[in-house]
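Subject: Structure handover

Hello,

Here is the structure I promised you. Please open it and keep it beside this note while you read.

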Amino acid sequence: MKTLVVCNWKMNPSSWKEAKKLFEETKKAAGKARSVSVVVAPPALYLRELSKLARSIPLAVQHAHADEGGAHTGEISLAQAAESKATYAIIGHAERRAQGETIEDTNKQILSALAHKMTPILCVGESTRSIQGEYFETVRSQVKGALTTVPQNRIATIIIAYEPVWAIGAPRPMAPRDMHEMGIFIRKTIVQGWGDVGHAVTVLYGGAVDSTNAAQILDEGDVRGFLVGRASAEPEKIKALIQSLS
Ligand code: PGA
């Protein structure tokens with residue numbers, strides 16, 4: 001199975017010219033790495049133009065509204081994102097939850113993404129950790145709440161990106177051993193609600209991933225790939241990251 005690298009560019013780069021260059025470099029690096037498959041999540045404004053540059057690199061929308069239309073100034077819908085050639089949808093990123101997005105919102109977005117034939121990438125993760133281990137409960141309620149009413153035959157298509165909020169933008173990622181434990185916990189949570197298909201769910205890790213640590217997390221962390229912020233938004237860094245995994 002290929003290692004999945006989802007490039008979350010966030011609100012970068014600042015111009016179309018740079019976006020095109022970053023995409024071309026990412027595509028080139030991905031083309032050389034047979035064991036890696038890459039998805040790019042650019043700012044939504046760039047989706048359609050980027051889709052013309054490469055069929056081999058699927059695109060993701062970073063966030064979109066579940067409603068088909070309506071009075072939501074500044075929002076775009078998952079329907080519009082799908083029409084603009086996004087085939088994946090990042091849902092519930094910590095930076096969206098910090099803006100007030102709720103578990104109920106993530107559920108509606110998952111259902112809308114599935115209705116528009118997109119692959120949801122559901123982000124979950126606790127803000128802090130203590131030795132009491134209450135972060136497991138936080139992750140469980142994010143996973144179960146977002147997947148409520150998702151039919152069993154669609155569960156295996158959903159990707160879960162576990163991103164502890166304290167590791168996003170941090171100098172170092174979480175320890176692979178802890179990732180391993182959380183990967184098992186997430187799959188167990190889904191198996192409890194939806195049965196054995198839960199074992200097939202793809203779990204990614206996100207938070208301070210780069211070329212110096214990704215291979216070790218992949219070896220020891222029981223993950224199938226990564227959601228990458230900073231190291232995906234500069235040509236040299238994404239090239240090095242993809243190379244380190246191939
Ligand atoms: P980072 O961000 O790789 O810059 O830590 C990860 C994310 O927010 O998805």
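How far does a polar side-chain atom of K10 lie from an oxygen atom of the ligand? The distance is 2.7 Å. That is a polar contact, meaning a pair of N or O atoms within 3.5 Å; within protein, one must be able to donate a hydrogen and the other to accept it, and residues adjacent in sequence count only if both atoms are side-chain atoms.

Some ground rules. This is a predicted model: local features need pLDDT of at least 70, side-chain atom pairs need 80 or more, and totals for chains, interfaces and linings use all residues. Numbering starts from 1 along each chain as its sequence is written, and side-chain values use heavy atoms, without hydrogens or water.

G229 has a polar backbone atom 2.9 Å from a ligand oxygen. Alone, the ligand exposes 290 Å², and the protein buries 98% of that (Shrake-Rupley areas, 1.4 Å probe). Residues around the ligand (a heavy atom within 4 Å) include N8, H93, E163 and R230. The shell has four nonpolar, five polar and three charged residues. Here Ala, Val, Leu, Ile, Met, Phe, Trp, Tyr, Cys and Pro are nonpolar, Asp, Glu, Lys and Arg are charged, and the others, Gly among them, are polar.

**The loop**

K10 lies in the loop between β1 and α1 (DSSP runs: strands E, at least two residues; helices H or I, at least four; numbered from the N terminus). Its phi is near 55°, a positive value in a non-glycine residue. P13 lies in that loop between β1 (3–8) and α1. A cis peptide bond joins N12 and P13, with omega about -15°. Most residues other than glycine have a negative phi, and most peptide bonds are trans.

**Salt bridges**

The whole structure has 11 salt bridges (a Lys or Arg side-chain nitrogen within 4 Å of an Asp or Glu carboxyl oxygen). One joins E24 and K27, with closest N and O atoms 3.4 Å apart. These two are about one helical turn apart, because they sit three residues apart in helix α1 (residues 16–32).

Best wishes
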